[in-house]
Amino acid sequence: MAGPGAAFRRLGALSGASALGLATYGAHGAQFPDPYGKELFDKANKHHFFHSLALLGVPHCRKPLWAGLLLASGTTLFCTSFYYQALSGDPSVQTLAPMGGSLLILGWLALAL
């Protein structure tokens with residue numbers, strides 16, 4: 001499958017690999033400031049995995065560029081803000097999560113087109 005969808009398939013595979021690496025780090029090496037940090041990290045990691053899988057499906061939809069851009073940017077904003085807060089205890093980037101979540105919803109809807 002050539003075209004913009006193929007790039008998002010590769011991005012989904014790389015994202016899945018990074019999600020697995022972060023899961024390993026969270027389970028074995030991370031120092032969390034509090035128990036909530038561990039919970040938040042696990043939530044971010046779960047969403048990171050799910051949306052990596054969604055990126056693998058982008059080449060099969062009718063609007064791969066829209067779906068891929070929305071899913072990739074949403075995953076980045078949503079998960080990164082949670083990972084950062086979980087590891088640092090700093091909630092200053094929390095405002096990015098709702099924006100990322102909204103982009104993820106739009107990405108899933110774009111997959112349905």
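This is a predicted model: local features need pLDDT of at least 70, side-chain atom pairs count only at pLDDT 80 or more; totals for chains, interfaces and linings use all residues.
**Exercise 1. Determine how helix 3 and helix 4 run relative to each other.**

Step 1. Take the axes. Those of helix 3 and helix 4 (residues 96–112) come within 7 Å and cross at roughly 155°.

Step 2. Apply the cut-off. Helix 3 and helix 4 are therefore roughly antiparallel to each other.

Step 3. List the contact. Helix 3 contributes residues including Trp66, Leu70, Gly74, Leu77 and Ser81. From helix 4 come, among them, Gly100, Leu103, Leu104, Gly107, Trp108 and Leu111.

Step 4. Sort by class. The contact of helix 3 with helix 4 has 16 nonpolar residues, 7 polar and no charged.

**Exercise 2. Determine how helix 2 runs relative to helix 3.**

Step 1. The axes of helix 2 (residues 35–56) and helix 3 come within 8 Å, crossing at roughly 165°.

Step 2. That makes helix 2 roughly antiparallel to helix 3.

Step 3. The hand of this crossing of helix 2 and helix 3 is left.

Step 4. On the helix 2 side, the contact includes Tyr36, Leu40, Lys43, His47, His51 and Ala54. On the helix 3 side, Gly68, Leu71, Thr75, Phe78, Phe82 and Gln85 are among the partners.

Step 5. The contact of helix 2 with helix 3 divides into 14 nonpolar, 8 polar and 1 charged.

**Exercise 3. Repeat the analysis for helix 1 and helix 2.**

Step 1. The axes of helix 1 (residues 4–28) and helix 2 come within 8 Å and cross at roughly 160°.

Step 2. That makes helix 1 roughly antiparallel to helix 2.

Step 3. Helix 1 and helix 2 also cross with a left hand.

Step 4. Their contact residues comprise 13 nonpolar, 8 polar and 2 charged.

**Exercise 4. Compare the span of helix 3 with its expected span.**

Step 1. Count residues. Helix 3 (residues 64–88) has 25.

Step 2. Take the span. From first C-alpha to last, helix 3 reaches 35 Å, close to the 36 Å expected at 1.5 Å a residue.

Step 3. Look past the end. Glycine 89 follows helix 3, with a positive phi near 80°.

**Exercise 5. Check the annotated transmembrane regions against the model.**

Step 1. Read the record. The unreviewed UniProt entry lists residues 65–84 and 96–112 as "transmembrane region".

Step 2. Residues 65–84 are 100% helix and 0% strand, with end C-alpha atoms 28 Å apart.

Step 3. Residues 96–112 are 100% helix and 0% strand, with end C-alpha atoms 25 Å apart.

How values were computed
Residues are numbered from 1 along each chain as its sequence is written. Side-chain values use heavy atoms; hydrogens and water are left out. UniProt positions are given in the numbering used here, feature names are shortened, and annotations may be inferred rather than shown by experiment. Helices (H or I, at least four residues) and strands (E, at least two) are DSSP runs, numbered from the N terminus. The expected span of a helix is 1.5 Å times one less than its number of residues. Axes are lines fitted to C-alpha atoms, for helices over the stretch in contact, and angles run from 0 to 180 degrees between N-to-C directions. Angles under 35 degrees count as roughly parallel, over 145 as roughly antiparallel, 65 to 115 as roughly perpendicular and the rest as oblique. A crossing is left-handed if the near helix is turned anticlockwise from the far one by less than a right angle, and right-handed if clockwise. Contact means heavy atoms within 4.5 Å. Ala, Val, Leu, Ile, Met, Phe, Trp, Tyr, Cys and Pro count as nonpolar, Asp, Glu, Lys and Arg as charged, and the others, Gly among them, as polar.
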